[in-house]
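Here's a quick tour of a protein model, with an eye on charged contacts and pocket space. Take a look at the sequence and structure first.

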Amino acid sequence: MQIDFPADPQGSERERRFADIADGSTANLKASDRGAATIVWKAPGTGVQWAIVRLGGFAESHLFPVKLTLAGGQQGSALIEASWVYDVADAVTDEVLASGVSPTAAPHNWRRPEVGLVAPATFGSAHFDKDGALVLDWINETPQPRWAFPILLLQSTGEQGTPSMPATWRYDVVDAISGLTLSPDTDPTANPHQWKRPAAGKVTPATFGYATLTAGGVLTIGWINEVPEVPAIHVFPVTLVLAELASGSAELPTNHMYHVFDVATGADLGQFVNPGAPPHQWKRPDIGRYAPATFGLAYRDASDNVIITWINEVPEPEACAASGGGGA
């Protein structure tokens with residue numbers, strides 16, 4: 001029996017395993033991806049060639065590889081299914097077989113998770129049904145069931161922090177992809193969420209973040225863009241007048257105390273102040289002698305307290321060495 005084997009695009013000879021009646025010809029059949037006859041053997045080449053076929057009922061179409069090019073749709077999210085669609089081409093000949101195909105719509109056989117992120121496909125396998133329709137059977141989309149996804153945060157309730165209290169902002173949490181509300185009036189610092197705020201102070205409310213879904217489908221906020229409002233610190237110079245001498249030794253720390261004055265105004269800022277004790281920030285070694293300071297730097301905290309951050313105390317290494325101590 002003779003069968004017409006059409007030439008394929010780009011000169012590639014595609015293997016067609018079936019044949020059926022050729023329109024307008026009684027001399028030969030025509031090779032196809034489906035048909036009532038199965039081709040057992042054929043002579044090499046394209047065009048009308050001799051072949052051996054097996055006749056019978058309708059022969060099921062064979063699977064063949066396809067290339068998939070992303071043509072539209074969108075990524076899945078916490079509450080919606082991915083909706084990628086593809087242009088489908090024969091992987092051997094690059095012949096475009098269909099455009100804008102949803103692989104989960106009839107008659108295709110691919111299935112996706114009901115919700116969640118899915119990486120788009122690039123490859124798959126397909127066949128033609130008895131009516132000549134392309135059917136995608138498998139594609140290499142890759143579900144990622146546990147992932148971090150973007151969220152929008154709409155401040156709903158709560159209060160601004162103070163110098164002694166943390167902020168308490170709460171938010172309506174919205175899927176940034178679908179626009180669906182995932183959780184109303186949510187505290188991002190409460191269990192099971194993982195966001196942490198400063199123990200006190202002002203915080204600018206968040207507008208964006210990332211969250212995950214647990215294996216049980218529980219929303220968990222991991223990060224949001226709340227920003228602590230750190231006030232600018234005005235550092236100013238101070239004069240230190242020794243009020244009480246307490247030089248250390250090889251066994252004892254230095255604990256000089258000072259009268260503190262503002263260099264610019266001469267204002268008295270404190271009497272018998274130890275700059276190495278809280279809330280001041282000057283640090284001394286646990287032991288050793290220091291010559292008294294005459295000058296330093298300070299700032300005022302949110303409660304207007306004067307905080308000394310640096311002074312010009314000078315270690316006395318010779319004295320420490322003479323008494324058996326180490327240099328500062």
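Is Lys-67 buried, partly exposed or exposed? Lys-67 is partly exposed, with a relative accessible area of 35% (buried means under 20%, exposed over 50% and partly exposed in between, using a 1.4 Å probe and protein chains only).

## Ground rules

This is a predicted model, so local features need pLDDT of at least 70 and side-chain atom pairs count only at pLDDT 80 or more, while totals for chains, interfaces and linings use all residues. Residues are numbered from 1 along each chain as its sequence is written, and side-chain values use heavy atoms, with hydrogens and water left out.

The structure holds seven salt bridges, each a side-chain nitrogen of Lys or Arg within 4 Å of a carboxyl oxygen of Asp or Glu. One of them joins the side chains of Lys-67 and Asp-94, at 2.4 Å from N to O. Lys-67 sits in strand β6 (residues 64-72) and Asp-94 in the loop between β7 (85-90) and β8 (96-101), so this pair ties together parts 27 residues apart in sequence. Strands here are DSSP runs of E, at least two residues long, numbered from the N terminus.

Asp-185 is partly exposed at 30%, and Arg-170 is partly exposed at 29%.

## A buried pair and a network

Next up is the salt bridge between Arg-284 and Glu-313, at 2.5 Å from N to O. Arg-284 lies in the loop between β22 (268-273) and β23 (290-291), and Glu-313 in the loop between β25 (306-311) and β26 (314-315), so the pair ties together parts 29 residues apart in sequence. Arg-284 is buried, with a relative accessible area of 15%, and Glu-313 is buried at 6%.

Asp-187, Arg-197 and Glu-226 are linked in a network of salt bridges.

## The largest pocket

About 380 Å³ of space lies in the largest pocket. Of the 19 residues lining this pocket, the closest to its centre are Pro-163, Glu-229, Val-230, Pro-231 and Ala-302. (On a 1 Å grid over the protein atoms alone, a pocket is an open set of points where a 1.4 Å probe fits, with protein on both sides within 12 Å along at least five of seven lines; lining residues have an atom within 4 Å of a point. Volume is the space filled by probe spheres set on the points, which are joined across faces, edges and corners.)

Notes
Helices (H or I, at least four residues) and strands (E, at least two) are DSSP runs, numbered from the N terminus.
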